[in-house]
Structures are given as structure tokens and as C-alpha cells.
Amino acid sequence: MTAKWDEMAVVGWIARAHGLRGQVIVKLETDFPEGRFRPGAELFLNRAGVVEPLTVTTVRFQGERPVIGLYGVGDMNAANALAGFELRVPVEWLAPLPEGMFYRHDLVGCDVETRAGEQVGVVKDVEGTMRGSRLVVDTAGGDVLVPLALEICTTIDPPRRRIVIEPPDGLLELNARSTTKAR
């Protein structure tokens, strides 16, 4: 398979090495870790512009985080060399979601506007889990966190790259995380 990095979905990050046998701890970016991180599963990383496949050989969970072994990664030095790398899979490999649920990549890049038609900004990230997520919206005044709740996000239309919100009074003003830094 020829993998195109920009057309793949993020499923996790390699946080750090774990132990002496080359295992790594993964920071999850998926709500389906048991299916994604299982022996035999294939993942991809981008090292110096080259997309490399990785095969999961072992898995166990430490709390909610998977500790995985990868084919060809046999010691702590090899595992340490992978720390910080993003893990992705082709979008076609993702499970279909129920109505009203979306993958992160479906929402990132969507324009956000109020029901009154005022431009708010563009979704640059989605934080949280299936139990409670929020949009990180890049606005002229800095990042704004918008809860991903039906009462607030009244229209979510990924094919049209559009999200319409009805924010409670003060949400956009009180919630801004400034992008400017103190000097």
C-alpha cells in the first residue's frame, strides 16, 4: 500500500519508550483503542518525509493508554527514537460512526459561524474524548474553546466544511485563549 500522509487519520502519538524490550506508550487520539491497537494491526508514521508502516506485535493497557510492541523495535534505544511521532491510518480503515458523531479530521478546517451569520473562525483542533469534546477555534482574538454539544453546535456539516453555533452569552469572549505571549 502506498500511504499518503495528508490523507490519513491520526490515531495516536508515541509518548515514550516503556521498559527494555522496545515497547512504547501511546497517547490516544481514537475512541476505539482496542480495535486500533491490537496484535497484527498496521499503523503508519512519517519519518523525515518517508511514510513507514509499523505492525503491532503486542499490546496491553496501562490505565487507558496502550503499551505496544512494534515489529522491528526490539530495545529501548529503538523505542526512544520513536518518541513524539504521530501514528496514523488510512481514512478508509476507520469504522463508520453513528449519526451525529464525527472524526476529528472531519471537523478540523471547518468554518465556524454563529446562527446570525457572524464569522467566528476555523476549527484547528478537537480536544477531549467521545464523552466530552470541544472545538479549538482559531479566531482573530486567539483560540476559543467551544463545547461540542448539540445545544451549542446546532449545525455540523463536514462536507460543506461548516459549523453553525449558538453560543451562550459570553462564551466567545470569556473563553478566548490569547495567542499573544507576555514579553
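1. C110 is buried, with a relative accessible area of 0%; buried means under 20% relative accessible area, exposed over 50% and partly exposed in between, with a 1.4 Å probe and protein chains only. C153 is in no disulfide, the nearest cysteine sulfur being that of C110 at 10 Å. C153 also counts as buried, at 2% relative accessibility.

2. This is a predicted model, in which local features need pLDDT of at least 70 and side-chain atom pairs count only at pLDDT 80 or more, while totals for chains, interfaces and linings use all residues. Residues are numbered from 1 along each chain as its sequence is written, and side-chain values use heavy atoms, with hydrogens and water left out.

3. How many disulfides does a search of the whole structure find? The search finds 0, where a disulfide is a pair of cysteine sulfur atoms within 2.5 Å. The sulfur of C110 is too far from the closest cysteine sulfur, in C153, for a bond, because the distance is 10 Å.

4. The chain has 4 helices and 13 strands. These are DSSP runs numbered from the N terminus: helices are H or I with at least four residues, strands E with at least two. Along the principal axes, the C-alpha atoms fill a box of roughly 55 × 45 × 35 Å. Of the 183 residues, 37% count as buried.

5. Contact means heavy atoms within 4.5 Å. Of the contacts in the chain with a separation of 6 or more, 52% come from residues 24 or more positions apart.

6. I14 sits in strand β1, residues 8-18, and is buried at 1% relative accessible area. Not counting residues up to four places away in sequence, I14 touches V24, I25, L82, A83, G84, F85 and L87. G72 is 58 residues from I14 along the chain, and their C-alpha atoms are separated by 16 Å.

7. Is T30 buried or exposed? T30 is buried, with a relative accessible area of 15%, and lies in the loop between β2 (23-28) and α1 (33-36). A polar atom of the T30 side chain lies 3.0 Å from the backbone nitrogen of F32. Leaving aside neighbours within four places in sequence, T30 is in contact with V11, R36 and F37.

8. The side chains include 21 positive and 25 negative ones, and the centres of the two sets lie 7 Å apart. Lys and Arg count as positive and Asp and Glu as negative, with His and the chain ends not counted.

Definitions and conventions: A polar contact is a pair of N or O atoms within 3.5 Å; within protein, one must be able to donate a hydrogen and the other to accept it, and residues adjacent in sequence count only if both atoms are side-chain atoms. The place of a charge is taken as NZ of Lys, CZ of Arg, CG of Asp or CD of Glu.
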